[in-house]
Amino acid sequence: MRYPVATYRVQLNEDFPFDRARRLLPFLHKLGITDLYTSPVFCARPGSTHGYDVVDPSRANPELGGEEGFDALAASLRAQGMGLLLDIVPNHMAASSSNAWWTDVLESGASSAYAAFFDVEWGPAWERGEEKIFLPVLGVPYGTALENGEIRLAIGAGGFSI
């Protein structure tokens, strides 16, 4: 088993993608860094500055360089004899229309193929046939926000949206 001895953390984003991290490796290796520690690398909301708002955990973020960029970073790390630590936070998926998994949960409820990927309490209300998901993101009760025009519900060609 490999144990990190000295790590260096980088915050990946559109302005600091895999390629820029890769170019730092010779310098970091000379400093004695054994492992690169990165912010999340999965596909995040477009324009994410931090990567913790994942919309697709099955692929590398194209804004960071995608699969090809990630593979090049991994190869460069191996060439330097360095390791990689990924910051992975399973519950940091974006509650956003750009997240197809989340949208499917909102549209299909507990029967969604992705329901188990989210921390939703499907408990007693669902057993009574009340299909409700409460989102603690509004500054006022949902009905008030809807009446005041602060949010609008719509179903279009792309599906459900708020």
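Which residues does Asp53 touch, not counting residues up to four places away in sequence?

1. Basis of the note. This is a predicted model, in which local features need pLDDT of at least 70 and side-chain atom pairs count only at pLDDT 80 or more, while totals for chains, interfaces and linings use all residues. Residues are numbered from 1 along each chain as its sequence is written, and side-chain values use heavy atoms, with hydrogens and water left out.

2. The sheet. Three strands form an open sheet in the order β1-β2-β5, with parallel pairing. Its edge strands are β1 and β5, each of which pairs on one side only. On average, neighbouring strands of this sheet are turned by 25° against each other, direction ignored. Strands (E, at least two residues) and helices (H or I, at least four residues) are DSSP runs, numbered from the N terminus; two strands pair if DSSP finds at least two bridges between them.

3. Strand partners. Strand β1 (residues 7–10) runs parallel to strand β2 (residues 35–38), and 4 bridges join them. Tyr8 has Leu36 as its bridge partner in β2, and Arg9 has Tyr37 as its bridge partner in β2. On to strand β5 (residues 83–86), β2 pairs in the parallel sense over 4 bridges; here the partner of Tyr37 in β5 is Leu85.

4. The crossover. Together, β1, helix α1 (residues 18–31) and β2 make a right-handed β-α-β unit. The term right-handed applies if, with the strands pointing away from the viewer, the path from the first strand over the helix to the second runs clockwise.

5. The nonpolar cores. The largest nonpolar core has 15 residues, and those with the most contacts inside it include Phe18, Leu36 and Leu73. Helices α1 and α2 each supply at least two residues of this core, and α1 gives the most, with 4 residues. Apart from this core lies another, of 7 residues, among them Val54 and Trp101. A nonpolar core is a set of buried Ala, Val, Leu, Ile, Met, Phe, Trp, Tyr and Cys residues joined through side-chain atoms within 4.5 Å.

6. Leu36. Leaving aside neighbours within four places in sequence, Leu36 is in contact (heavy atoms within 4.5 Å) with residues including Tyr8, Ala21, Leu73 and Leu85.

7. Asp53. This residue lies in the loop between β3 (42–44) and β4 (54–60). Not counting residues up to four places away in sequence, Asp53 touches Ala44, Arg45, Ser48, His92 and Ala94. Asp53 and Val89 are 36 residues apart in sequence, and their C-alpha atoms are 9.8 Å apart in space.

8. Buried or exposed? Asp53 is buried, because its relative accessible area is 15%. Ile155, found in strand β6 (residues 154–156), is exposed, because its relative accessible area is 74%. Buried means under 20% relative accessible area and exposed over 50%, with partly exposed in between (1.4 Å probe, protein chains only). Ile155 and Ser96 are 59 residues apart in sequence and 15 Å apart in space, C-alpha to C-alpha.

Methods. Axes are lines fitted to C-alpha atoms, for helices over the stretch in contact, and angles run from 0 to 180 degrees between N-to-C directions.
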